[in-house]
Amino acid sequence: MTTVSSASDITLVSLLNCPSDFTFCRDVFTRIAQLGVVVDMISLAPNHGSAMAISFTIQDDDLPQVLTFLAKLKETRSIKAIISSGNCKINVYDEKMKDTPGMAAKVFTAAAAAGTDIRIITTSDVDISILVTYADFDRTLAAVEEACR
């Protein structure tokens, strides 16, 4: 059975021009964990030479702590941070998804038909999560729920 759930008040943090050494990722997420901040969606863009981009989501309430950390990080590295708050996550979950072709196509078709501004997508073998703007949330959730019936 396919379950569609949602969450609101989510901030997307994108770090550009990060070193492609994966120890950098380890250090960033270790420090954020030490702040007591829960990270949900994580997306790593392919390397471009010696640089990569990392995007992740946190609760809007945790943004001040992460901003303080990012300010310190930018003092030592030439990283650009892009912050987008007030987003909503739509999650589609189904244990059968791993053996069912076309689930991503179904979700993305629904989101496209709703004219959604998708900020980030993460997936596993049993779920698809999309981060959308608050303005697009209601119609996208309705479209995805309809598509997954």
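A: Cys-148 is buried, its relative accessible area being 11%; buried here stands for under 20% relative accessible area, exposed for over 50% and partly exposed for values in between, with a 1.4 Å probe and protein chains only. The model is predicted, so local features need pLDDT of at least 70 and side-chain atom pairs count only at pLDDT 80 or more, while totals for chains, interfaces and linings use all residues. Residues are numbered from 1 along each chain as its sequence is written, and side-chain values use heavy atoms, leaving out hydrogens and water.

A disulfide is a covalent bond between the sulfur atoms of two cysteines. With the criterion of two cysteine sulfur atoms within 2.5 Å, the count of disulfides is zero. Cys-25 takes part in none, and the nearest cysteine sulfur, belonging to Cys-18, lies 7.0 Å away. Cys-25 is also buried, at a relative accessible area of 5%. Cys-148 is likewise in no disulfide; for this residue the nearest cysteine sulfur is that of Cys-88, 17 Å away.

Cys-18 leads on to the strands, for its bridge partner in strand E3 is Met-52. Strands (E, at least two residues) and helices (H or I, at least four) are DSSP runs numbered from the N terminus. Strand E3 covers residues 51-59, and seven of its nine residues are buried, so the rest of the structure largely encloses this strand.

Two strands count as paired if DSSP finds at least two bridges between them. Strand E1 (residues 3-19) pairs with E3 in the antiparallel sense over eight bridges, and Leu-12 has Thr-57 in E3 as its bridge partner. E3 also pairs with strand E2 (residues 42-44), again in the antiparallel sense, over three bridges. Here Ser-43 stands opposite Ser-55 in E3. E2 and E3 form a hairpin that has six residues between the two strands. Gly-49, in the turn of this hairpin, has a positive phi of about 70°.

E1 has a further antiparallel neighbour in strand E4 (residues 80-93), to which 11 bridges join it. One point of reference in this pairing is Ile-10, which stands opposite Asn-87 in E4.
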